[in-house]
Amino acid sequence: MYLGLDESGAGRVGEPNIIAALKVLTKHHQYIDTPKALAVLPEDTELKKVQSYLEKVIEQQAMQWRRGQVLKSLTHAELLQVHQRRMQVESNRVLVTDERLCSSCKKRLQTRFFVLGAYCTMVFYLRSAFARHS
């Protein structure tokens, strides 16, 4: 419209209004495909006229890049916290000996499945499952 293009965008119809077109480009730079916009401008357009549009585009891209870097850093920090927590959980070990008893029924644990509860209390797995559902 401002550049005097016909409906198909291929041929020129009339005198282009470069200043109005550049104002629209500058105001709505985030919605416009930069290579296509620059390709439609006349070849004799001075770089100084396009400077504000290009500055806005570069600022937007730099801001998106910085946001991406912050997101990447936050994700990495969260991953490190998850690894640290996993190491803490995996470092809890319990020695099961022949003398170890179930804290609920007082039977020996031996090679049966058990659940480690709060304060290192040990309960047979099935007793733990029944206790949760009742």
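**Close-up views of the helix packing**

**View 1. Residue K23 of helix α1.** K23 counts as exposed, at 59% relative accessibility. By the terms used here, a residue is exposed over 50% relative accessible area, buried under 20% and partly exposed in between, with a 1.4 Å probe and protein chains only. K23 lies in helix α1. The model is predicted: local features need pLDDT of at least 70, side-chain atom pairs count only at pLDDT 80 or more, and totals for chains, interfaces and linings use all residues. Residues are numbered from 1 along each chain as its sequence is written, and side-chain values use heavy atoms, with hydrogens and water left out.

**View 2. The elements of the protein.** The protein has 4 helices and 2 strands. Both kinds are DSSP runs numbered from the N terminus: helices are H or I runs of at least four residues, and strands are E runs of at least two. From the N terminus on, the order is α-α-α-β-β-α. Of the 134 residues in the protein, 19% are buried.

**View 3. Helices α1 and α3 packed together.** Two packed helices are described by the angle between their axes and the distance between the axes. Helix α1 (residues 18-27) and helix α3 (residues 47-90) pack at about 15°, with axes 8 Å apart. The axes are lines fitted to C-alpha atoms, for helices over the stretch in contact, and angles run from 0 to 180 degrees between N-to-C directions. Helices α1 and α3 are therefore roughly parallel to each other; this label applies to angles under 35 degrees, while over 145 is roughly antiparallel, 65 to 115 roughly perpendicular and the rest oblique. Their crossing is left-handed, meaning that the near helix is turned anticlockwise from the far one by less than a right angle.

**View 4. Residues where α1 meets α3.** L22, L25 and T26 of α1 meet K49, V50, S52, Y53 and K56 of α3. The residues of this contact divide into 4 nonpolar, 2 polar and 2 charged. Here Ala, Val, Leu, Ile, Met, Phe, Trp, Tyr, Cys and Pro count as nonpolar, Asp, Glu, Lys and Arg as charged, and the others, Gly among them, as polar. Contact means heavy atoms within 4.5 Å.

**View 5. The largest nonpolar core.** A nonpolar core is a set of buried Ala, Val, Leu, Ile, Met, Phe, Trp, Tyr and Cys residues joined through side-chain atoms within 4.5 Å. The largest one holds 8 residues: I18, L22, L25, A37, L41, V50, Y53 and V57. Helices α1 and α3 are the elements that give two or more residues to this core. Apart from its neighbours within four places in sequence, L25 is in contact with I32, A37, L41 and Y53. The buried residues of α1 are I18, A20, A21, L22, L25 and T26, and they pack against α2 and α3.

View 6. T34 is found in helix α2 (residues 34-40) and is buried, with a relative accessible area of 19%. Not counting residues up to four places away in sequence, T34 touches Y53 and V57. Q60 is found in helix α3 and is buried, with a relative accessible area of 19%. Leaving aside neighbours within four places in sequence, Q60 is in contact with H29 and Q30.
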